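Notebook open, structure loaded. I wanted to go through the strands and then the surface.

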Amino acid sequence: MTVCARGSSLQIGREGGDLNFPGDLYMSGSHCRIEESSGRFSLTDLNSRNGTYVRIKSERELGHGDYLFIGRKLLRVELNTN
């Protein structure tokens, strides 16, 4: 499945966001948000119950091919210029 952001941000969660996983009880209703600013992408956890994990140990810009573990879902970041 591929999801494209329609604006400069994409909210992920169990309900009410741009990308919803209603059956994932490990994911919070509003779990995290990915935002673009000046061509850079950042991930913000929205005080989720179980956290949001990237394959790093500190904050950094998201890049093409990064994996995010959110709830019980493994997501891959795909960036393109289209």
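I started with S6 and strand S7 (residues 73-76): they run antiparallel and are joined by four bridges. A caution to myself: this is a predicted model.

Next I looked at the turn of that hairpin. Two residues sit between S6 and S7, and Gly71 has a positive phi near 60° there.

Then I picked out Tyr67. I found Tyr67 in strand S6, which covers residues 67-70.

Is Tyr67 buried, partly exposed or exposed? I read 38% relative accessibility for Tyr67, so I put this residue down as partly exposed. The range for that label runs between 20% and 50%.

Tyr67 belongs to a nonpolar patch with Tyr53, Phe69 and Leu74, and together the four have about 440 Å² of accessible area. To get into such a patch, a residue needs over 30% relative accessible area.

In what order do the four strands of the open sheet come? I traced S2-S1-S3-S4, with mixed pairing. At the edges I have strand S2 (19-20) and strand S4 (40-45), each of which pairs on one side only.

Last, I looked at the pairing of S1 with S3. Strand S1 (residues 9-13) and strand S3 (residues 32-37) are antiparallel and share four bridges. For Leu10, I wrote down Ile34 as the bridge partner in S3.

How values were computed. Residues numbered from 1 in each chain as written. Predicted model: local features only at pLDDT ≥ 70, side-chain atom pairs only at ≥ 80, totals over all residues. Heavy atoms only, no water. Patch = residues over 30% accessible without salt bridge, like charges linked within 9 Å, V, L, I, M, F, W, Y side chains within 5 Å. Areas by Shrake-Rupley, 256 points an atom, 1.4 Å probe, with all protein chains shown as cover. Salt bridge = Lys/Arg side-chain N within 4 Å of Asp/Glu carboxyl O. Buried < 20%, exposed > 50% of the residue type's maximum accessible area, 1.4 Å probe, protein only. Pairing = 2+ DSSP bridges.
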